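Please look over the sequence and the model shown here before reading on.

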Amino acid sequence: MQAKEVKFFNREELEKILEKNYGARVDLSNYLIFEGKERKIWISSKKVLEVRLEKLKVNSIGLYFGKLKRNEKIHLSPEGSQIVGKFAVKNILSLDEEKAKKFMEGSDLTLSLPKNCEPHNFVIIKKGDDILGCSLALENGIRNLLPKSRRILPT
């Protein structure tokens, strides 16, 4: 995200989207929210305002949180999933050890969705208390959207 392409994003609007999609009441009042190219959302500490950015070559500001999609849906990054996942009450899918391993290897999963997961929406993937990421729920399973750089090698 180039600094000149950054625009502030309404914090209340993002909190509303997170509550609608994940039932999560997340307080982001301590953060600045930015929208970059392709509707990508970044969050940063408010202390970034104390830095004189015009004298620096800035490539990005903050932590990549997720990407806004149509119909007020958001595909969370793995870090965004970890922030939201501890507050989420819907669109959460818990996997057993074997399916979690397959997910982390990058495989799509065929399974029946629990009642709290909406097909054609993004779901937060968990194994126990660990939040692994966010992927797309389909009628018959999960389309894996975990970035290749975050996957583990199959054994």
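## Basis of the model

This is a predicted model, in which local features need pLDDT of at least 70 and side-chain atom pairs count only at pLDDT 80 or more, while totals for chains, interfaces and linings use all residues. Residues are numbered from 1 along each chain as its sequence is written, and side-chain values use heavy atoms, with hydrogens and water left out.

## Helix H1

Helix H1 covers residues 11-22, a helix being a DSSP run of H or I with at least four residues, numbered from the N terminus. At 1.5 Å a residue its twelve residues should span 16 Å, the expected span being 1.5 Å times one less than the number of residues, and the 16 Å between its end C-alpha atoms agrees with this.

Leu-14, Glu-15, Ile-17, Leu-18, Asn-21 and Tyr-22 of H1 are buried, that is, under 20% relative accessible area with a 1.4 Å probe and protein chains only. They cover an arc of only 160 degrees around the axis, so they lie on the same side of H1; the arc is taken from the directions from the helix axis to the C-beta atoms.

At the start of H1, a side-chain oxygen of Asn-10 comes to within 2.8 Å of the backbone nitrogen of Glu-12, and just after H1 Gly-23 has a positive phi of about 65 degrees.

## Asn-144

Asn-144 is buried, with a relative accessible area of 8%. A polar atom of its side chain lies 3.1 Å from the backbone oxygen of Ser-107, and a polar atom of the Asn-144 side chain lies 2.7 Å from the backbone nitrogen of Leu-146.

Methods
Helices (H or I, at least four residues) and strands (E, at least two) are DSSP runs, numbered from the N terminus. Buried means under 20% relative accessible area, exposed over 50%, partly exposed in between (1.4 Å probe, protein chains only). A polar contact is a pair of N or O atoms within 3.5 Å; within protein, one must be able to donate a hydrogen and the other to accept it, and residues adjacent in sequence count only if both atoms are side-chain atoms.
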